Amino acid sequence: MGATHLLLCLSLFAVLVQGQNCNFFEGSWVVDNAYPLYTNCPFASDIYNCQKFGRPDKAYLNYRWKPTACELPRFNGLNFLEKFRGKSIMFVGDSISRDQYESFICMIHSAVPNATYRQTSRGHIIIFEIPEYEVKVMRDQNVYLVDLMKEQVGQVLRLDSIQDGKSWLGIDVLVFNSWHWWNRKTWDYIEVGGKYVKDMNRFVALETALTTWARWVKANINPQKTTVFFQGASPTHYNGSMWNEPKADKCIGQTQPVLGTVYPGGIPPELGVQKKVLSTVSNLVKVFDTTYMSLFRKDGHPSKYNPGGNTGGVDCLHWCLPGLPDTWNEILYNLIIS
Ligand SMILES: *[C@@H]1O[C@H](CO)[C@@H](O)[C@H](O)[C@H]1NC(C)=O
Ligand SMILES: *[C@@H]1O[C@H](CO)[C@@H](O)[C@H](O)[C@H]1NC(C)=O
């Protein structure tokens, strides 16, 4: 092999190792005792704090996500704070966003445990700030992204209106998420184009709302200034048939991920709806495609180890902290910093 060839091979190898040509969302779970990234986070809410509520097994904490084509660089909180100095990131969505937000502040706080921090709120926005680095991590609890408004007829979900968007302006990195609440009926009417209906197909409703959201993004986001991510639907594990264990009682007693690289239950249809709309704004929004890696983690949920657990509440929807959202954030860190 000539010197030029060798050089070419070496630089190709370097590119792969650095992950520039690597899809971080394709890979598999490997055991790694250098995880979790933190323990005992003071910011983890009870519903995510499985160890506090007596979860006895710990193996679920020792997994690392290994992308097929590269290594995922490990999260480095100090590096993040230095590179992100003076900037802000906001998680917008439901309690899955809150899970990820709390994971994120746990991860950066554990890097600088002695740095002072402030946690404040402004309306439905929570702000976590480390003044020494002028870094702000925020959360907007907003489950549908479009407006749910009280009108004379009752609660109206307005699929063609986003008034809350003003809270998202001027933030450097936005991470959106919306799916689970489309499965619940919290409205009396759904309104679209001035027409009111009691209910409609939830996938169609989601697609219509996300199309409104995409229109908001086109009108308001300058990609030179703001990085926008939309997170793929976070899966639940209530039905053992989905992982070839039909006798399983929800996610109770699951201590291991599903093994292999194919999830028997397949990719949930809501991700297809999300990706269809996101493809219309692919120049402005990056798909944060964590659905596939999360499907395997039937062991990652609070199950009975949550505040409602002793009264029968089994949670196979949220994720323990430390746990899976730390991996989402490890990927997010690499996408933001690179
Ligand atoms: C934080 O402060 C404690 C007590 O002063 C000290 O022992 C520890 O090393 C400090 N940690 C870091 C990461 O600076
Ligand atoms: C679980 O999934 C299987 C396969 O998709 C389905 O046939 C079954 O009805 C589901 N069970 C429940 C309780 O939803």
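Cys41 and Cys106 form a disulfide (a pair of cysteine sulfur atoms within 2.5 Å), with their sulfur atoms 2.0 Å apart. The model is a predicted one, in which local features need pLDDT of at least 70, side-chain atom pairs count only at pLDDT 80 or more, and totals for chains, interfaces and linings use all residues. Residues are numbered from 1 along each chain as its sequence is written, and side-chain values use heavy atoms, with hydrogens and water left out. The link of Cys41 and Cys106 is left-handed, with -90 degrees about the S-S bond. Cys41 sits in the loop between strand 1 and strand 2 and Cys106 in helix 3 (residues 95-111), so the pair ties together parts that are 65 residues apart in sequence. Helices (H or I, at least four residues) and strands (E, at least two) are DSSP runs, numbered from the N terminus. Both cysteines, Cys41 and Cys106, are buried, that is, under 20% relative accessible area, with exposed over 50% and partly exposed in between (1.4 Å probe, protein chains only).

By the sulfur-distance rule, the count is four disulfides. One of them joins Cys22 and Cys70, with sulfur atoms 2.1 Å apart. The S-S torsion of Cys22 and Cys70 is about -65 degrees, so this disulfide is left-handed. Cys22 lies in the loop between helix 1 (3-18) and strand 1 (27-31), and Cys70 in the loop between strand 2 (63-67) and helix 2 (77-83). The two are 48 residues apart. Both Cys22 and Cys70 are buried.

Cys50 is joined to Cys320 by a disulfide, S to S 2.1 Å. With -95 degrees about the S-S bond, this link of Cys50 and Cys320 is left-handed. Cys50 is in the loop between strand 1 and strand 2, while Cys320 is in the loop between helix 6 (291-295) and helix 7 (324-337). The pair links distant parts of the chain, 270 residues apart. Cys50 and Cys320 are buried. With the bonded cysteines numbered in sequence order, the pairing reads 1-4, 2-5, 3-8, 6-7.

Pockets were then examined. On a 1 Å grid over the protein atoms alone, a pocket is an open set of points where a 1.4 Å probe fits, with protein on both sides within 12 Å along at least five of seven lines; lining residues have an atom within 4 Å of a point. The largest pocket has a volume of about 300 Å³, taken as the space filled by probe spheres set on the points, which are joined across faces, edges and corners. Of its 21 lining residues, the closest to the centre are Pro235, Thr236, Met242, Pro268 and Glu270.

Notes:
Chains lettered and ligands numbered in written order.
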